[in-house]
Amino acid sequence: MKIYCNCCGKEIRFKENTNFALEDYVAIDKSWGYFSGRDGIRQKMNICEACFDAWTTHFAIPPREEEELELL
């Protein structure tokens, strides 16, 4: 299975024959509920780190950041 960034179309690289990504990305899985314009729709997307950085610069309130002391 190949994964691509929904913004730029870049392929997210994985170690051969594994599920181990060689670069990080954001996976969004959203099921829209009642009272939304997308009621009953589920959307999935992947965003590479470069596109995430570019996207979040436009946020009125930037994402909250916390330092992680243990990385998996």
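**Aromatic rings, a buried glutamate and the nonpolar core**

The charged end of Arg38 sits over the ring of Trp32, at 5.1 Å from the ring centre, where a charge is taken to sit over a ring if NZ of Lys or CZ of Arg is within 6 Å of the ring centre and within 35 degrees of the ring normal. Lys30 also lies over the face of Trp32, 5.1 Å from the centre of the ring. The model is a predicted one, in which local features need pLDDT of at least 70 and side-chain atom pairs count only at pLDDT 80 or more, whereas totals for chains, interfaces and linings use all residues. Residues are numbered from 1 along each chain as its sequence is written, and side-chain values use heavy atoms, with hydrogens and water left out.

The chain contains one helix and four strands, arranged along the sequence in the pattern β-β-β-β-α; helices (H or I, at least four residues) and strands (E, at least two) are DSSP runs, numbered from the N terminus. The radius of gyration, taken over C-alpha atoms, is 15 Å, while a compact globule of 72 residues would have a value near 11 Å by the rule of 2.2 Å times the number of residues to the power 0.38. The C-alpha trace spans about 40 × 30 × 25 Å along its principal axes. Of the 72 residues, 12% count as buried, a term that denotes under 20% relative accessible area, with exposed set at over 50% and partly exposed in between (1.4 Å probe, protein chains only). Among the contacts (heavy atoms within 4.5 Å) with a separation of 6 or more, 25% are accounted for by residues 24 or more positions apart.

Rings of Phe, Tyr and Trp (its six-membered ring) are paired if their centres lie within 6.5 Å, and planes under 30 degrees apart count as stacked, over 60 as edge-to-face and the rest as tilted. By this rule there are four aromatic pairs. One of them joins Phe52 and Trp55 in an edge-to-face arrangement, with 6.3 Å centre to centre and 80 degrees between the planes. Phe52 and Trp55 are three residues apart in helix α1 (residues 49–56), and therefore separated by about one helical turn. Phe52 is partly exposed at 27% relative accessibility, as is Trp55 at 40%. The centres of the Trp55 and Phe59 rings are 5.2 Å apart and their planes stand at 85 degrees, so this pair is edge-to-face. Phe59, which is found in the segment after α1, is partly exposed at 33% relative accessibility. Phe52, Trp55 and Phe59 form one aromatic cluster. Phe59 and Leu69, ten residues apart in sequence, are 26 Å apart in space, C-alpha to C-alpha.

Glu23 is found in the loop between β2 (11–12) and β3 (25–31), and is buried with a relative accessible area of 17%. The side chain of Glu23 makes a polar contact of 2.7 Å with the side chain of Lys10, a polar contact being a pair of N or O atoms within 3.5 Å; within protein, one must be able to donate a hydrogen and the other to accept it, and residues adjacent in sequence count only if both atoms are side-chain atoms. A polar atom of the Glu23 side chain also lies 3.0 Å from the backbone nitrogen of Arg13. Leaving aside neighbours within four places in sequence, Glu23 is in contact with Lys10, Glu11, Ile12 and Arg13.

The largest nonpolar core has six residues, Ile3, Cys5, Ile12, Ile47, Cys48 and Cys51, such a core being a set of buried Ala, Val, Leu, Ile, Met, Phe, Trp, Tyr and Cys residues joined through side-chain atoms within 4.5 Å. Leaving aside neighbours within four places in sequence, Cys48 is in contact with Cys5, Cys8, Ile12 and Tyr25.
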